[in-house]
Amino acid sequence: MKKSKIIGTGMYVPPYKLTNQDLEKMVDTSNEWIISRTGIEERRICKDEETTDIAFNAAVMAIKNAGIKAEEIDMIIMATITSENLTPSGACEVQKKLGAINATAFDINAACSGFIYGLTIADSFICSGGAKNVLVVGAEVLSKIVDWKDRNTCVLFGDGAGAALLTQSESEGIMGYVTKSNGDKGEYLKCASRQLNEDNSILNNKFVTMNGKEVFKFATKAMVDSVEEVLKKSNTKIEDIKYIIPHQANKRIIEFAASKLNLPLEKFYINLNLYGNTSSASIPIALSEVVEKAMVKKGDKIILVGFGGGLTYGCILIEW
Ligand code: UT7
């Protein structure tokens with residue numbers, strides 16, 4: 001039976017760092033509060049770059065690492081909630097910039113679970129023979145939809161992009177996945193569409209609002225339940241997992257899940273101290289760093305797990 005496997009990863013974050021000390025000058029907050037409640041120390045913010053620019057940069061790195069040409073890509077799936085336009089999609093813009101002339105390109109919206117959902121779509125197309133090489137990108141310029149006067153949300157988010165190139169495999173690759181949505185809880189994390197003038201200036205901006213406590217409860221349960229379910233589905237023991245790469249929302253969520261799963265925190269890759277929560281980009285950025293640091297080798301089993309707006313969640317087990 002055919003499988004899909006990741007053969008290249010990439011990431012890009014904008015150079016400008018916004019530190020907790022910078023935020024202390026913008027809203028009534030403190031470095032101590034942000035670190036103790038979230039683990040975040042700084043985040044990157046786009047100054048001139050748009051979502052599709054940073055998506056393109058991450059995609060270029062993934063394609064280079066995969067060792068294929070842009071024309072060999074059959075499909076581009078971009079997970080984002082902050083693309084410049086409703087149409088053309090972010091994926092079509094990335095296709096244009098890459099010159100990936102043979103690709104079918106489309107966006108998906110599953111907020112912070114978007115990259116996981118994208119990988120499962122890629123896996124389905126590859127396993128059914130509908131596509132051979134699929135590029136999945138998670139990219140967000142969340143700074144566009146953050147209310148910089150709201151201390152409840154503005155300290156949490158950052159901008160960035162990550163990407164993975166998947167291809168057919170006869171043996172290793174994606175071993176199993178779980179995805180679910182709880183639309184009835186959607187009101188806990190919301191952002192309405194914003195309206196632009198003809199010249200792209202903002203007519204009516206809309207910002208992210210969140211019931212942090214409810215999302216926290218949802219996130220911890222989603223992480224634990226989906227990891228347990230994916231292990232069961234793929235007939236794998238938790239001891240056989242080398243690393244879990246979680247969505248980077250809050251260090252306390254990861255600590256809680258680690259203790260419920262009876263795992264040391266060292267099993268979880270954490271970089272949220274540097275980038276904050278970059279929504280759909282957080283997992284592919286973390287995965288790209290894990291690969292760049294040579295932390296995984298052939299045969300290792302890893303888990304990617306995400307949760308977020310919708311509400312949505314999902315988990316994937318990969319044999320590298
Ligand atoms: O990727 C999407 C998924 N999103 C998430 O996973 C987020 C999940 N939720 C969380 O991570 C946490 O709920 C937060 C980090 C958002 C908030 O942490 P918390 O421990 O739940 O704090 P809280 O909302 O209960 O607020 C505690 C206090 C409040 O003050 P009072 O009412 O106790 O006087 C807040 O007003 O902290 C206050 N507060 C702040 N103080 C300083 C809220 N934000 C800040 C801030 N700086 N930035």
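Biologist: Which residue in S5 is the bridge partner of Ala-79?

Modeller: That would be Ile-108. Keep in mind that this is a predicted model.

Biologist: Okay! How many bridges join S4 to S5, and how do the two strands run?

Modeller: There are five bridges between S4 and S5, which covers residues 104-108, and the two strands run parallel.

Biologist: What sort of unit do they make with helix H4?

Modeller: S4, then H4 (residues 90-98), then S5 form a β-α-β unit, and it is right-handed.

Biologist: And what about S6, how many bridges join it to S4?

Modeller: Five bridges again link S4 with S6, residues 134-141, and these strands run parallel too. In that pairing, Ile-77 stands opposite Val-136 of S6.

Biologist: Are the residues of S4 buried or exposed?

Modeller: S4 spans residues 75-79, and five of its five residues are buried. Met-75, Ile-77 and Ala-79 point one way, while Ile-76 and Met-78 point the other way. Both sets are buried.

Biologist: Which residues of H7 are buried?

Modeller: Quite a list, including Val-215, Phe-218, Ala-219, Ala-222, Met-223, Ser-226 and Val-230. For background, an α-helix has 3.6 residues a turn, so residues three or four places apart point the same way.

Biologist: What happens just after H7?

Modeller: Asn-235 takes a positive phi there, about 55°.

Biologist: Now rings! How many aromatic pairs does the count come to?

Modeller: The count comes to one aromatic pair. The rings belong to Phe-218 and Tyr-313; their centres are 5.7 Å apart and their planes are at 75°, so the pair is edge-to-face.

Biologist: Which parts does that pair tie together?

Modeller: Phe-218 lies in H7 and Tyr-313 in strand S15 (residues 312-319), so the pair ties together parts that are 95 residues apart in sequence.

Biologist: Why do Phe-218 and Tyr-313 count as buried?

Modeller: Buried means under 20% relative accessible area. Phe-218 counts as buried because its relative accessibility is 8%, and Tyr-313 does because its value is 10%.

Biologist: Last one: what sits over the ring of Tyr-16?

Modeller: The charged end of Lys-47 does, 4.1 Å from the centre of that ring.

Key:
Residues are numbered from 1 along each chain as its sequence is written. This is a predicted model: local features need pLDDT of at least 70, side-chain atom pairs count only at pLDDT 80 or more; totals for chains, interfaces and linings use all residues. Side-chain values use heavy atoms; hydrogens and water are left out. Buried means under 20% relative accessible area, exposed over 50%, partly exposed in between (1.4 Å probe, protein chains only). Helices (H or I, at least four residues) and strands (E, at least two) are DSSP runs, numbered from the N terminus. Two strands pair if DSSP finds at least two bridges between them. A crossover is right-handed if, with the strands pointing away from the viewer, the path from the first strand over the helix to the second runs clockwise. Rings of Phe, Tyr and Trp (its six-membered ring) pair if their centres lie within 6.5 Å; planes under 30 degrees apart count as stacked, over 60 as edge-to-face and the rest as tilted. A charge sits over a ring if NZ of Lys or CZ of Arg is within 6 Å of the ring centre and within 35 degrees of the ring normal.
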